[in-house]
Amino acid sequence: MVLVSITLVINGAERSTVVRPAETLLYVVREKLGLTGSKPGCLNGDCGACTVLIDDLPMKSCLMLAIEAVGKNITTIEGLSNTDIQKAFVEHFAFQCGYCTPGFVMNCHSLIQHRPNATDDKVEDWLHSNLCRCTGYEEIKIAVKSVLNRSEG
């Protein structure tokens with residue numbers, strides 16, 4: 001079995017580990033580095049529960065090999081603290097069972113950073129990359145729009 005020593009920059013800190021070249025970023029982040037906020041869901045990129053930010057853009061970590069993330073800045077849900085979107089999710093009850101919430105928060109955080117003047121259609125498009133089995137979409141949209149509206153003022 002081939003093993004590779006890699007160093008990843010996660011949440012602003014360098015983390016070194018040994019991986020098989022075929023291991024996904026999701027597996028390495030959860031199982032080798034102990035950051036369990038990114039959730040395994042469909043494991044084929046459909047649900048978005050595993051969404052992390054790679055150089056500030058959302059990426060489904062189940063679709064990316066850990067070795068592909070070397071040299072990039074990775075942000076997991078553990079790397080966000082007290083952000084406007086996290087507060088908005090709480091204020092607007094934008095979660096039900098909570099399993100998909102970290103992925104949605106990461107995706108929405110990136111939307112707000114990159115598209116602070118996003119239209120309703122853009123918010124809708126952006127949210128299509130994540131699934132909520134509890135169907136809490138309306139509350140999630142309200143949370144996102146509340147942060148976008150604050151940015152406009």
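Q: How many aromatic pairs does a search of the whole structure find?
A: The model here is a predicted one, and searching the whole of it turns up 1 aromatic pair. The rings belong to Phe104 and Tyr137, and because their centres are 6.2 Å apart with the planes at 70°, the pair is edge-to-face.

Q: Why those two values, the distance and the angle?
A: A pair of aromatic rings is described by how far apart the centres are and by the angle between the planes.

Q: Where in the chain do Phe104 and Tyr137 sit?
A: They come from distant parts of the chain, 33 residues apart, with Phe104 in helix α3 and Tyr137 in helix α5, which covers residues 137-152.

Q: And Phe104, buried or exposed?
A: Phe104 has 0% relative accessibility, so it counts as buried. Tyr137, on the other hand, counts as partly exposed because its relative accessibility is 29%.

Q: OK, new topic: which residues touch the most other members of the largest nonpolar core?
A: That core has 24 residues, and those touching the most other members are Ile85, Phe89, Phe104, Cys108, Val123, Ile140 and Val144. Phe104 of the aromatic pair is thus met again in this list.

Q: Which elements give two or more residues to this core?
A: Those elements are α2, α3, α4 and α5, and α3 gives the most, with 6 residues.

Q: Take Cys108 then, what is it in contact with?
A: If you leave aside the neighbours within four places in sequence, Cys108 is in contact with Ile85, Phe89, Leu127, Ile140 and Val144.

Q: Leu25 and Val28, which residues of their helix are buried?
A: In helix α1, which spans residues 25-32, the buried ones are Leu25, Leu26, Val28, Val29 and Arg30. The elements covering these buried residues include β1, β2, β3 and β5. Just after α1 comes Gly34, which takes a positive phi of about 75°.

Q: You mentioned strands, so in what order do they form the sheet?
A: The sheet is open and has 5 strands, in the order β2-β1-β5-β3-β4, with mixed pairing. At its edges are β2 (13-19) and β4 (57-60), each of which pairs on one side only. On average, and ignoring direction, neighbouring strands of this sheet are turned by 40° against each other.

Q: What actually holds paired strands together?
A: Strands of a sheet pair through backbone hydrogen bonds, and they may do so either parallel or antiparallel.

Q: How many bridges join β1 to β2?
A: There are 7 bridges between β1 (residues 4-10) and β2, and the two strands run antiparallel. Within the sheet, Val9 stands opposite Glu14, which is in β2.

Q: Which strands does helix α3 lie across?
A: Helix α3, residues 101-114, lies across β3 (51-54), β4 and β5 (73-75), and runs at about 35° to β3.

Q: Last topic: how many salt bridges does the count come to?
A: The count comes to 6 salt bridges. One of them is formed by Arg150 with Glu91, where the closest N and O atoms are 3.5 Å apart. Since Arg150 is in helix α5 and Glu91 in helix α2 (residues 84-91), this pair ties together parts that are 59 residues apart in sequence.

Q: How exposed is Arg150?
A: Arg150 counts as partly exposed because its relative accessibility is 42%, and Glu91, at 46%, likewise counts as partly exposed.

Q: What about Lys141, which side chain does it meet at 3.2 Å?
A: That is the side chain of Glu124, with the 3.2 Å taken from N to O.

Q: Lys141, buried or exposed?
A: Lys141 counts as buried, because its relative accessibility is 16% and the cut-off for buried is under 20%.

Technical notes
Residues numbered from 1 in each chain as written. Predicted model: local features only at pLDDT ≥ 70, side-chain atom pairs only at ≥ 80, totals over all residues. Heavy atoms only, no water. Pairing = 2+ DSSP bridges. Helix = DSSP H or I, 4+ residues; strand = E, 2+ residues; numbered from the N terminus. Axes fitted to C-alpha atoms, helices over the stretch in contact; angles between N-to-C directions. Contact = heavy atoms within 4.5 Å. Buried < 20%, exposed > 50% of the residue type's maximum accessible area, 1.4 Å probe, protein only. Phe/Tyr/Trp six-rings, centres within 6.5 Å; stacked < 30°, edge-to-face > 60°. Salt bridge = Lys/Arg side-chain N within 4 Å of Asp/Glu carboxyl O. Core = buried A, V, L, I, M, F, W, Y, C linked by side-chain atoms within 4.5 Å.
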